[in-house]
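Thanks, everyone. Please keep the structure open while I talk.

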Amino acid sequence: MGSAVGEEVDSKRPLAHFPPDIWGENFVCFTPQHLLMMEKYEKEMEPLKEEVRKLLNEKGSSSEEKMKLIDAVERLGVHYFYDNEINESISQIFEQLCRKDFNIDYDLHTTASHFRILRQHGHKLPCDVFKKFTEKEGKMKESLKSDIKGMVSLYEACHLRVHGEAILDEALAFTTHFLESVSTMSDQAHHALKQVSHFGIQRVESRYYISFYEDDKHRNETLLKLAKLEFNRLQLLYRKELTQILKWWHKLDFKTKLSYARQRCVECHFWATAMYFEPQYSEARMLLIRVLLVISILDDTYDAFATFEEIQLLTRAFERWDLTAMNQFPKEYMKLVFQFVYDNYEHFAMEMTKKGKPYAAQYAKDRVMDLIRSYHTEAKWLKAKYVPTFEEYMVNARITGVAQILSTSSIMGMDEIVEEKPFQIIPRAPKAIKACEVIGRLMDDIVSHEEEQARGHVASGVECYMKDHNMSREEVVEIFNKMIEDAWKELNEEFLIKENPTEDDLPRPVLKRILNLARVVDALYKVIDGYTYSEKLIKEDIITTYLRPIVL
């Protein structure tokens with residue numbers, strides 16, 4: 001099959017020369033034996049699930065024991081079997097602490113673990129619980145350094161802080177410096193520095209924690225076996241999903257026909273599992289991966305191949321949303337791109353109509369049109385050699401940072417989201433969305449801007465800020481990292497249960513998707529653009545998630 005791009009690659013095209021697909025035929029086979037193995041795992045898990053449920057429901061255990069068990073269940077990645085039991089226990093423990101005015105007499109590890117778990121569940125345990133670990137002048141006690149486990153727990157807890165919690169800002173600096181000094185001697189310290197658990201992709205972090213828990217002399221063997229079986233079962237479920245999507249993707253033959261574009265189908269599914277790894281979201285993942293692939297193709301077309309004149313034609317055609325608009329396209333690749341986007345959103349409309357919420361597909365389409373218009377704006381800036389102010393840049397870049405389109409698209413396939421209201425709220429950019437937009441856009445700009453500028457790209461946030469404030473790149477990156485840190489505080493704040501909720505508050509399942517999107521960004525863009533250069537950053541995580549079962 002010939003390339004729709006053809007032989008013509010003129011000097012007007014801002015070619016990126018992306019690395020090729022690294023996966024080949026690794027994921028295109030799901031056999032009946034795989035299905036039988038999934039069923040075997042499920043059957044073995046049933047009695048184990050009930051044993052763990054009994055442990056969670058035990059009345060005689062202390063709050064410390066209950067919290068330790070809940071922490072293990074959650075970090076091992078099997079918490080969705082016990083949502084009711086966990087939420088009930090967490091609420092009871094928080095109420096007990098309230099009655100004590102949060103006057104708790106725990107060691108550093110237990111205090112920090114309670115703080116992290118309660119905050120993750122929306123309960124605002126005051127940061128004052130850490131005051132007993134400080135000197136009179138507010139500095140953390142040097143004696144804490146003898147407790148590596150406690151220091152790791154405090155480091156992890158600090159990442160749940162919100163604005164105005166100076167004691168946790170101090171604790172983060174204190175623990176970071178200490179963990180860096182011992183990271184060669186402690187696997188826990190090394191891993192925490194590499195990836196904060198609160199910022200991490202849950203499936204990846206669960207696999208790490210299974211290995212850690214296996215070495216814990218206080219482990220519960222039933223819970224450990226359940227976690228291993230479920231990890232292997234979900235691994236096969238992901239393989240099944242990926243086999244289906246790859247067959248569809250390979251039939252499109254974009255590797256040949258749109259050879260300029262990144263071939264990242266496996267990475268897109270990995271991204272979808274990061275948004276929701278639980279088995280009940282299989283259908284939602286299958287919809288979301290299509291959106292991710294649409295975004296990837298549009299981004300590469302507008303950003304790394306199409307001429308300005310072709311971008312103008314494509315954008316006008318998308319505004320019409322009519323297949324006859326393709327007749328005006330001078331290049332075959334433009335027809336393929338338009339048809340691909342059009343067919344996917346028609347597919348979403350059909351699927352959402354079946355589910356009784358056709359509005360969901362319309363909101364998803366509205367968000368992709370916002371994205372296309374923002375890509376068009378970037379193209380106009382580049383054509384005019386215009387460098388916007390940072391403020392002007394961010395108005396557009398909040399959309400190209402894809403928080404709105406991915407938040408909307410991720411809830412489209414969730415059965416528990418049955419009301420239209422969340423779809424209406426997201427484009428108004430509530431605080432959680434704004435925070436995620438800042439995290440996504442600025443982290444991407446920091447790691448990508450130098451390479452993009454080398455091939456003739458619109459000014460990134462880094463260049464805009466440098467121009468506005470006459471600063472060096474290093475100074476701007478430092479400021480951006482502070483903005484990202486503040487955005488995480490905002491996101492953490494939005495996750496806390498509000499005393500006076502309003503109608504414009506997003507429901508918790510939607511907030512969870514936004515949080516998970518921020519986590520994907522942190523994991524993929526902390527060092528380099530891990531989506532584009534997956535072999536350098538996330539290859540091992542993908543192999544572990546899809547191809548490497550746990551030995552039972």
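One definition to start: the expected span of a helix is 1.5 Å times one less than its number of residues. Helices and strands here are DSSP runs, numbered from the N terminus, with H or I and at least four residues for helices, and E and at least two for strands.

Two notes on the source. This is a predicted model, where local features need pLDDT of at least 70, side-chain atom pairs count only at pLDDT 80 or more, and totals for chains, interfaces and linings use all residues. Residues are numbered from 1 along each chain as its sequence is written, and side-chain values use heavy atoms, leaving out hydrogens and water.

Start with helix α22, residues 508-525. Its 18 residues reach 25 Å from first C-alpha to last, close to the 26 Å expected at 1.5 Å a residue. Is α22 mostly covered or mostly uncovered? Mostly covered: 15 of its 18 residues are buried. Buried means under 20% relative accessible area, exposed means over 50%, and partly exposed lies in between, with a 1.4 Å probe and protein chains only.

Ile439 is found in helix α19, residues 431-454. Its relative accessibility is 0%, so Ile439 counts as buried. Which residues does Ile439 touch, leaving out those up to four places away in sequence? They are Ile484, Ala487, Trp488, Leu491, Ala518 and Val521. Contact means heavy atoms within 4.5 Å.

Ser410 sits in helix α17, residues 403-412. Ser410 is also buried, at a relative accessible area of 0%. Not counting residues up to four places away in sequence, Ser410 touches Met275, Tyr276, Leu288 and Arg513.

Now the helix pairs. Two packed helices are described by the angle between their axes and the distance between the axes. Axes are lines fitted to C-alpha atoms, for helices over the stretch in contact, and angles run from 0 to 180 degrees between N-to-C directions. Under 35 degrees counts as roughly parallel, over 145 as roughly antiparallel, 65 to 115 as roughly perpendicular, and the rest as oblique. A crossing is left-handed if the near helix is turned anticlockwise from the far one by less than a right angle, and right-handed if clockwise.

Pair one: helix α14, residues 332-354, and helix α15, residues 358-383. Their axes come within 7 Å and cross at roughly 155 degrees. The two are therefore roughly antiparallel. The crossing is right-handed. On the α14 side the contact includes Tyr345, Phe348 and Met352; on the α15 side, Pro358, Lys365 and Val368 are among the residues. By class, that contact has 9 nonpolar, 1 polar and 1 charged residues. Nonpolar covers Ala, Val, Leu, Ile, Met, Phe, Trp, Tyr, Cys and Pro; charged covers Asp, Glu, Lys and Arg; the others, Gly among them, are polar.

Pair two: helix α1, residues 32-57, and helix α9, residues 221-252. They pack at about 150 degrees, with axes 9 Å apart. That makes α1 roughly antiparallel to α9. α1 passes α9 in a left-handed crossing. Among the contact residues are Tyr41, Glu42 and Leu48 of α1 and Leu229, Arg233 and Leu236 of α9. The classes are 12 nonpolar, 3 polar and 9 charged residues.
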